[in-house]
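I opened the model to take notes on its chains.

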Amino acid sequence: MPDAHLRVFRGSPGEEGRFDEFDVPVEEGMVVLDALHWIQGHEAPDLAVRWNCKAAKCGSCSAEVDGRPRLTCKTRLSDFDLGQPITVEPMRAFPLVRDLVTDVSWNYEVNKTIQPFTPPADLPQEDWRWQQEDIERVQEYRKCIECFLCQDVCHVLRNHETDRPFMGPRFVVRAAGLELHPIDQADRRRYLKDSGGIGLCNITKCCTDVCPEHIRITDNAIIPLKERVADAYYDPLQWAWRKLRGGGRGPGSTVELPVLQGTPAQPAPPTAVDPDQAPD
Amino acid sequence: MTLVAPMKPQVRPHDVLVIGAGGAGLRAAIEAKTAGADVGLVCKSLLGKAHTVMAEGGVAAALGHVAAADSWQVHFRDTMVGGKLLNNPRMAELHAVEAPDRVRELESWGAVFDRTSDGRILQRPFGGHSHARLAHVGDRTGLELIRTLQDRAVALDIRVYMECTVTKLVTGPDGVTGAFGYWRTSGLPIVFPAKSLVLATGGIGRAYEVTSNSWEYSGDGQALAYEAGADLIDMEFVQFHPTGMVWPPGVRGLLVTEAVRGEGGILRNRDGERFMWRYLPEDRRAEYAATDEEAARWVTALSEGRATDARRPPELSTRDNVARAIYTEVREGRGTAHGGVYLDISYLPAETVRQKLPSMYEQFKELADVDITAGPMEVGPTTHYVMGGIRVDAETGQTTVPGLFAAGEVAGGMHGANRLGGNSLSDLLVFGARTGAAAAAHASGAATEPYLDPVQIQTAVADLAAPLDRPDGDDPYAIQRDLQEMMQRLVGIYRVETDLDEAIMQLAELRRRWATVRAPGGRAYNPGWNLVFELDHLLTVSEAVARSARQRTESRGAHSRLDHPATDDTRWGGVNSVIFRGRDGAMSVGTTPLLEMTGDLRSLLGSSDH
């Protein structure tokens with residue numbers, strides 16, 4: 001088998017990044033993460049790569065391969081033309097830590113703003129009953145491995161440097177898992193509208209496209225929650241009811257989304273790293 | 001103490017510091033926080049990525065939703081019999097009694113388990129369990145468990161230190177007083193003074209070449225505890241899971257869940273023979289189906305969710321037995337081209353397979369180009385779990401060092417000589433909670449603030465810098481490759497004294513190489529440098545495994561000696577192995593009598609008490 005030719009982003013915050021090139025011997029079934037490990041073990045021991053399970057179950061090894069957000073542990077070299085270089089870069093929507101590793105802590109801060117599971121106080125747990133078909137949708141949301149590829153590809157997030165007005169697809173999915181739980185009592189509609197910025201998503205489905213768990217993020221999470229929000233806020237009857245009741249600004253509560261710490265990595269877009277033009 | 005300004009460690013005191021944020025660590029942190037302690041939770045990876053996420057099949061708890069006859073007593077008996085009676089009986093009892101409450105508690109925190117037709121938590125059969133006992137979510141139960149605990153920890157506002165490695169425990173005359181570590185992202189040191197420390201760092205699988213474990217499983221907790229003066233027990237008992245992937249090479253060792261067999265998967269050798277019929281232990285044969293037809297009736301009844309008088313298929317024998325069977329088939333020339341055997345679930349309707357085993361379906365399709373609804377998988381044994389670990393008190397998780405606690409895989413005793421599938425998720429919930437409560441109680445009873453010995457801190461800071469500063473030295477990746485190859489070859493499924501002697505010698509040589517290891521590059525997110533500290537721990541636990549394995553001159557559970565193939569109850573049936581640091585500073589090995597079982601518990605073992 002021919003060697004694979006990898007162009008790997010190297011760099012730290014505050015310095016100009018570069019692409020280092022490596023020829024990696026290919027074995028059958030090899031994935032991009034195998035190639036990165038080979039590079040660490042033989043050529044560049046300090047190449048920064050985040051990974052854990054190498055089984056597409058933990059969502060740690062997210063990166064952009066030839067410009068596309070992917071889990072490197074399930075991106076097979078055989079899917080590429082090995083005559084051409086394969087470019088591996090960090091996720092662009094988050095601040096760079098080093099090489100292929102980005103600071104994804106913003107996501108953990110967003111997660112803290114979501115009201116957790118709230119079962120009814122007056123229903124004893126021994127009486128909780130629901131059918132498998134009632135939870136299949138919720139289980140789909142709960143397949144999420146938090147790889148943050150959907151956050152990386154989301155152009156609402158990419159278009160805002162540090163002050164991000166949208167929670168991003170991952171956390172719409174988490175909120176959907178709570179909102180559609182058979183017995184959850186909390187109302188997150190106002191939060192979704194005012195804090196989470198769900199209205200900013202214009203359903204381009206890029207997130208669904210990159211989800212390694214094949215969660216139908218747009219169709220099954222974002223759109224149903226947008227509808228719930230619309231029903232609560234833009235339905236004339238609901239609006240009139242709120243006016244009559246004289247109460248507040250609608251159901252649920254709001255909270256500020258965190259500000260991204262550091263500037264997003266955003267290394268050169270793939271079009272600008274044409275192999276013929278790149279240095280060395 | 002004078003330190004160069006940037007290397008002066010950050011100091012973050014807590015009442016309780018939990019090291020490791022998998023299921024056990026998260027559960028301990030939640031319990032300690034709920035008890036009112038100020039809790040810090042340290043993990044090497046991002047939160048929610050710990051190895052628990054890889055657990056697939058389910059969490060064992062005698063809820064009795066599928067089999068009304070199930071009870072904690074039967075669960076206790078199954079666990080003890082599976083562990084070949086080397087288990088700490090009090091741990092096995094507490095585990096069986098409390099697991100159902102811990103599972104229900106997860107549901108109350110938002111976990112969404114698969115359901116029975118009457119709307120309750122569904123349970124599936126697993127090897128060595130007398131009844132359908134594993135609460136599950138398809139084949140991604142670990143993800144559900146860790147996400148639920150993670151969300152709970154977030155709701156309780158527990159302080160989490162992500163991508164932070166602990167390299168040393170700090171000790172004083174009265175036990176542990178804190179931990180020293182560094183941020184992986186920056187490489188800068190950090191010190192955690194703590195009144196109680198909980199180790200929940202998981203296993204040791206990365207000592208082996210073929211393993212289902214992530215890189216994090218480098219024996220950190222076992223080694224840190226040993227260095228701090230704690231005992232390790234039963235370290236010879238390393239579980240080789242019968243079914244890991246064998247092809248392609250990049251995924252060799254990756255877990256194929258036991259749920260495949262739980263749902264009816266059949267093992268065959270190259271000749272198409274269902275070989276497990278030949279490997280059932282005589283004294284347990286009556287628990288298994290007698291014919292293919294009876295096994296098929298069992299599977300049909302299972303898929304239709306109804307009771308049956310058919311007994312379970314031979315593939316649901318205990319893991320140690322199935323792993324040896326597969327190994328033997330391959331060694332005797334009846335394996336597949338890639339050195340495994342076939343595991344076939346494709347005779348079930350494709351839709352059923354995709355619904356019950358969605359993550360296995362994806363895993364084989366994406367990583368091996370195999371459609372498991374259309375043909376068999378190729379599987380072979382893979383290093384999966386260590387039954388041994390830090391010696392703890394059953395009730396509290398207290399180690400032999402004051403202030404130091406341990407829970408989950410890092411602790412020993414619960415599983416004896418062999419762990420049943422599904423018993424690790426329940427273990428980490430039950431003992432995570434108990435240990436968290438005990439650690440909080442210990443902290444609240446502490447009279448003084450913990451004192452951190454500056455000499456120990458200074459040494460830890462210097463040790464951290466040394467591999468970066470050396471002008472030359474051995475490559476950490478090369479040492480790791482040599483260690484894994486050696487452990488696989490000499491301390492694997494089958495062991496023999498000469499190999500174990502050789503392993504102990506080679507470990508000494510690897511330790512010498514490690515002492516002058518060099519990691520080029522800077523401090524920020526430098527994987528080669530990070531590996532140096534994991535290797536330190538791996539070398540310690542590998543030696544513990546080799547020395548314990550050499551001492552136990554019998555075969556029992558997961559420990560198989562070619563030179564001592566029989567189980568020797570007279571010499572070894574009444575003792576656990578113990579590893580401790582001797583007076584001369586060298587690793588010593590000995591034995592300790594099994595914990596006495598109460599008469600009530602003994603009577604539960606019934607006829608299986610041999």
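**Chain A, overall.** I began with burial: 46% of the 280 residues in chain A are buried. I called a residue buried if 20 or more other C-beta atoms lie within 10 Å of its own, exposed if 12 or fewer, and partly exposed in between, with C-beta atoms placed from the backbone. I kept in mind that this is a predicted model, where local features need pLDDT of at least 70, side-chain atom pairs count only at pLDDT 80 or more, and totals for chains, interfaces and linings use all residues. Residues are numbered from 1 along each chain as its sequence is written, while chains are lettered from A and ligands numbered from 1 in the order in which they are written.

I listed ten helices and seven strands for chain A. Helices (H or I, at least four residues) and strands (E, at least two) are DSSP runs, numbered from the N terminus. The C-alpha atoms of chain A fill a box of roughly 70 × 40 × 25 Å along the principal axes.

**The sheet in chain A.** I traced an open sheet of five strands in chain A, in the order 2-1-5-3-4, with mixed pairing. Two strands pair if DSSP finds at least two bridges between them. Its edges are strand 2 (18–24) and strand 4 (68–71) of chain A, each pairing on one side only. Neighbouring strands of the sheet are turned by 35° against each other on average, direction ignored.

I then looked at one pair. Strand 3 (residues 62–65) and strand 5 (residues 86–89) of chain A pair in the antiparallel sense over two bridges. There A:Val65 stands opposite A:Val88 of strand 5.

Helix 1 of chain A lies across strand 1 (4–10), strand 2, strand 3 and strand 5 of chain A. Helix 1 runs at about 95° to strand 2 of chain A. Axes are lines fitted to C-alpha atoms, for helices over the stretch in contact, and angles run from 0 to 180 degrees between N-to-C directions.

**A covered helix.** I checked helix 6 (residues 169–179) of chain A: ten of its eleven residues are buried. Among them are A:Phe171, A:Arg174 and A:Glu179. The buried residues of helix 6 pack against several helices of chain A, including helix 2, helix 3 and helix 9 (217–233).

**Where the chains meet.** I found 45 residues of chain A in contact with 47 residues of chain B. Contact here puts the C-beta atoms of two residues, placed from the backbone, within 7 Å. Helix 3 of chain A gives the most to its side, with four residues. By class, that side of chain A has 21 nonpolar, twelve polar and twelve charged residues. Ala, Val, Leu, Ile, Met, Phe, Trp, Tyr, Cys and Pro count as nonpolar, Asp, Glu, Lys and Arg as charged, and the others, Gly among them, as polar.

**Chain B.** I noted 17 helices and 21 strands in chain B. Its radius of gyration is 23 Å, close to the 25 Å that the globule rule gives for 610 residues, so chain B is as compact as a globular protein of that length. That radius is taken over C-alpha atoms, and the rule is 2.2 Å times the number of residues to the power 0.38. Buried residues make up 61% of chain B.

The domain assignment, automatic or from a database, gives domain 1 (241–382) and domain 2 (464–571) of chain B. Their centres, over C-alpha atoms, are 31 Å apart. The contact takes five residues from domain 1 and four residues from domain 2 of chain B.
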